[in-house]
Amino acid sequence: MAKNSASEQNVPESSDEAAQAPAKKGPTPRRRDAEAANFRPLVPEDRKEAKRQSRAKMQVEQQKAREGMARGDDRYLRPNERGPQKRYLRDFIDARITLGEWLLPLMFLVIFATFIPQTNAAVWAMMFIWVYLALCVAEGLLYGVMIRRKVREVVGDDKTEKGFLFQAMGRSMQIRMLRMPKPQVKRFDKVEFTGR
C-alpha cells in the first residue's frame, strides 16, 4: 500500500514538469545543417570589397574618435586627460590669454631675424626668445600649482590626481586654435571647480 501511494504521488509531479517544459518548435536540425548555418569563411570571397569596407569602417571610427576628442569626450581621451579635474585644468587655461600662445609665432620672427646681415640682431633675438621661453614655462608651472591647489581644496589631498604641472604648462604653450581637445569655454569666462 505504501508503495502504491508513493507511485501515485510521483505521477502528478512528472505530469506537471511535462506541462511546464517549452514546446518543441520543430525537428532538431542535423549537425551538418547547424554547422553550415554558423559557418563564416575566414577569407571573404571578394577580398577587394572586404578591404574597401574595412577601410571605410575604420575611417568612420577614426572620424568619430577625432570629433569625440575635439569635444573633450572622456571615452576618446587618454587616461591621464579624463575626468572633471583635467577638464577643469583645460577650462582654466583656455579662459586666459597666456604668454605661451605667442611663443611659436615669435620663434618664426627670431628665425627671420637671424637672416638679417647684422649679427647683433640675431644675438638679441636669440636672447629674447630664451628669456621669453623661460617666462612661458614659469607661467605654465604657476597655473599648474594654482589649479592643483583649487582641486585639492574641493576633493581633498588623497583624491587629487597627478600631472597638473606638466599638463598646464603644455596646454598654456599651445596656440589656442590648435589645442586638443578644443577649448570649451570662451576667453575671460569664470571657471569654477565643483568636483564634478
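Lysine 150 is partly exposed, at 25% relative accessibility. Buried means a relative accessible area under 20%, exposed means over 50%, and partly exposed lies in between (1.4 Å probe, protein chains only). The structure is a predicted model: local features need pLDDT of at least 70, side-chain atom pairs count only at pLDDT 80 or more, and totals for chains, interfaces and linings use all residues. Residues are numbered from 1 along each chain as its sequence is written, and side-chain values use heavy atoms, with hydrogens and water left out.

**Exercise 1. Find the salt-bridge partner of lysine 150.**

Step 1. Apply the rule: a side-chain nitrogen of Lys or Arg within 4 Å of a carboxyl oxygen of Asp or Glu.
Step 2. The partner is glutamate 192, at 3.8 Å from N to O.
Step 3. Lysine 150 is in helix H6, glutamate 192 is in the segment after H7, and 42 residues separate them. Helices here are DSSP runs (H or I, at least four residues), numbered from the N terminus.
Step 4. Glutamate 192 has a relative accessible area of 48%, so it is partly exposed.

**Exercise 2. Which side chain of opposite charge is nearest to glutamate 139?**

Step 1. Locate glutamate 139 in helix H6.
Step 2. Sort the charges: Lys and Arg are positive, Asp and Glu negative, and His and the chain ends are not counted.
Step 3. The nearest is arginine 96, 7.9 Å away. Glutamate 139 is buried and has no salt bridge.
Step 4. Turn to the backbone. A polar atom of the glutamate 139 side chain lies 3.0 Å from the backbone nitrogen of leucine 99.
Step 5. List the contacts (heavy atoms within 4.5 Å). Beyond residues up to four places away in sequence, glutamate 139 touches Ile97, Thr98, Leu99 and Gly100.

**Exercise 3. Trace the largest nonpolar core.**

Step 1. Use the rule: buried Ala, Val, Leu, Ile, Met, Phe, Trp, Tyr and Cys residues, joined through side-chain atoms within 4.5 Å.
Step 2. This core has 13 residues, and Tyr88, Phe92, Ile93, Ile147, Val151 and Ala168 touch the most other members.
Step 3. Find the suppliers. Helices H4 (84–94), H6 (119–155) and H7 (164–172) each give at least two residues. H4 gives the most, with four.
Step 4. A separate second core has eight residues, including Leu103, Ala125, Tyr132 and Cys136.
Step 5. Follow H7. Its buried residues are Phe164, Gln167, Ala168, Met169, Arg171 and Ser172. They pack against H4 and H6.

**Exercise 4. Classify two of the four aromatic pairs.**

Step 1. Use the cut-offs: ring centres of Phe, Tyr and Trp (its six-membered ring) within 6.5 Å; planes under 30 degrees apart are stacked, over 60 edge-to-face, the rest tilted.
Step 2. Phenylalanine 92 and tyrosine 143 have centres 5.8 Å apart and planes at 75°, so they are edge-to-face. Phenylalanine 92 is in H4 and tyrosine 143 in H6, 51 residues apart. Phenylalanine 92 is buried at 6%, and tyrosine 143 is buried at 11%.
Step 3. Phenylalanine 128 and tyrosine 132 are tilted, at 5.8 Å centre to centre and 35° between planes. Both lie in H6, four residues apart, about one turn of the helix. Phenylalanine 128 is partly exposed at 43%; tyrosine 132 is buried at 11%.
Step 4. Ring pairs link Tyr88, Phe92, Tyr143 and Phe193.

**Exercise 5. Is the peptide bond from methionine 180 to proline 181 cis or trans?**

Step 1. Recall that most residues other than glycine have a negative phi, and most peptide bonds are trans.
Step 2. This bond is cis, with omega near 0°. Proline 181 lies in the segment after H7.
Step 3. Check phi at phenylalanine 188: near 70°, a positive value in a residue other than glycine. Phenylalanine 188 also sits in the segment after H7. It is exposed, at 66%.

Technical notes:
A polar contact is a pair of N or O atoms within 3.5 Å; within protein, one must be able to donate a hydrogen and the other to accept it, and residues adjacent in sequence count only if both atoms are side-chain atoms.
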